[in-house]
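Reader: I have a model open and want to learn how to read its features. Where do we begin?

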Amino acid sequence: MSVKFLKGKIFSRRGKSEKPKNAYIVIEDFMKLPVYFYHTIGLNPYELKGTNNKPGIGFYILFLLHMINANIVLALEIFFVYVSFRNNENFIESCMVMSYIGFVIVGELKIGAVLLQKQKLTNLVRQMESVFPPARQKEQEEYDVRRYLRRCLRYTKGFGGLYMTLVITYNLFAICQYSIQKWILHSPHAKQTVPYVPLTPWTWQDNWKFYPTYLSQSMAGYTATCGHISADLMIFAVAIQVIMHFDRLAKSLTEFSVRAKSEEDGADKDLKQLQELIAYHNKILGLTDVMNEVFGLALLLNFLASSTLVCFVGFQISIGISPEMMAKLILILISANSEIYLICNFSQMLIDASGSICYAVYDMNWSDADPRFRKMLILLALRAQKPVCLTATVFLDISIETMSIFLRMSYKFFCAIRTMYQ
């Protein structure tokens, strides 16, 4: 049977339309970018229900190699800082390496958090699958799933692309600079350098060991970056879906048609429909609880690490450095601030979306409803008045105001380091 494509649908000679295989959106479409980054370092963050495609032994070996290499480079960085402070030299370079140390440690801690919380993350994804709109056109249009997926991909691709630009710049800058000086400018002062830490137990200058050393440090930077951003990308993907559910619930409440006075058994039908909406609200709140339980530690690490990173970078910029180093440091500064801003922004969107339930209850035609119905609405509105947000464990409830707290904290650290240097 011949077929032809027209406007995204498949039409046969009989005139019947058939949906393409990927016509409907599934939860994996929201999660594919963080999962992809995790897979590149040999980590499977959660188990999909009903899948038998278990990672092979090569997958675990890849993860082990990534972690061993990252920890070797981390140990070299720590030793370099120790030697520099002991000999009272290379203070500026030590500050730069210390920012690398913080970045690698946070990346590895985030990876460890995912490994420890893997079962909880799997349960979270399965709970999200249970409330995700089914693969039917009507339901997916009611939830406007495609619009939320576009928002999710816009944020995740933009943020992931920013950090990939950061790590590629740092990984390739040194070797590109050396190649241009040596092979294009033919400069006699061309000097081999490595991306992150010059101190190693072996001599790598001007011999074949330079290339494996360079590759090792570049891969360590990529491993830390994947560990650092993948958890954030997953937080964004989960938060967008929770916002979608809150918006759908608010719309259902606003458009609720009260039948208590228009139908004989309308009051009972209204109560049954409202009970289903309340149960849906409870499921959404349960998702947010599990989400914060899984990602709370990662969020706390983000704020601690980014504050330290911003103050170190700000200090180096303030003392005067070369233009190429300035460009690299500004890229770090933009990335760290963008990460915190996006987290605060997503948490604020959650606060606004969860709070909209209370307004939706008020906008309903509740005056014509049964007294039992109105009492249930009061309980629903009271529960909705408690905002839902991202929480960095028990220490911090995140909102857009948290961004100002972050900047003040970073500035205080910056002033302290600046005073020590003077």
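Reader: Over residues 97–116, what percentage of the chain is helix, and how far apart are the end C-alpha atoms?

Author: Keep in mind that this is a predicted model. Residues 97–116 are 100% helix and 0% strand, and the end C-alpha atoms are 28 Å apart. The unreviewed UniProt entry annotates this stretch as a transmembrane region, along with 59–85, 160–180, 219–243, 294–319 and 325–344. Residues 325–344 also read as 100% helix and 0% strand, with 29 Å between the end C-alpha atoms.

Reader: Next, the core. How many residues does the largest nonpolar core have, and which have the most contacts inside it?

Author: Such a core is built from buried nonpolar residues joined through side-chain atoms. Here the largest has 116 residues, and F30, M31, L124, L253 and F295 have the most contacts inside it. Helix α7 (residues 210–254) gives the largest share of this core, 20 residues. Another core lies apart from it, with six residues, among them C95, C311, F312 and I417.

Reader: Take M31. What is M31 in contact with, leaving aside neighbours within four places in sequence?

Author: The partners of M31 are Y46, V125, M234, A237, V238 and Q241.

Reader: Is H281 buried or exposed?

Author: Use the cut-off: buried means under 20% relative accessible area. H281 has 2%, so H281 is buried. The residue is found in helix α8 (residues 266–318). Beyond its neighbours within four places in sequence, H281 is in contact with F246, L249, I357, L380, R383 and A384.

Reader: How many cavities of 30 Å³ or more does the structure hold?

Author: Three. Of its 19 lining residues, Y100, F103, L166, Y170 and Y196 lie nearest the centre. Its lining comprises 13 nonpolar, five polar and one charged residues.

Reader: Which residues line the second largest cavity?

Author: K110, A113, V114, Q117, L121, A231, V294, F295 and A298 line it. Helices α3 and α8 each give two or more residues to this lining. The space is about 60 Å³.

Conventions. Residues numbered from 1 in each chain as written. Predicted model: local features only at pLDDT ≥ 70, side-chain atom pairs only at ≥ 80, totals over all residues. Heavy atoms only, no water. UniProt positions renumbered as here; feature names shortened; annotations may be inferred. Helix = DSSP H or I, 4+ residues; strand = E, 2+ residues; numbered from the N terminus. Core = buried A, V, L, I, M, F, W, Y, C linked by side-chain atoms within 4.5 Å. Buried < 20%, exposed > 50% of the residue type's maximum accessible area, 1.4 Å probe, protein only. Contact = heavy atoms within 4.5 Å. 1 Å grid on protein atoms, 1.4 Å probe; cavity = no way out; pocket = protein on both sides within 12 Å on 5 of 7 lines; lining within 4 Å. Points joined across faces, edges and corners; volume = space filled by probe spheres on them. Nonpolar A, V, L, I, M, F, W, Y, C, P; charged D, E, K, R; others polar.
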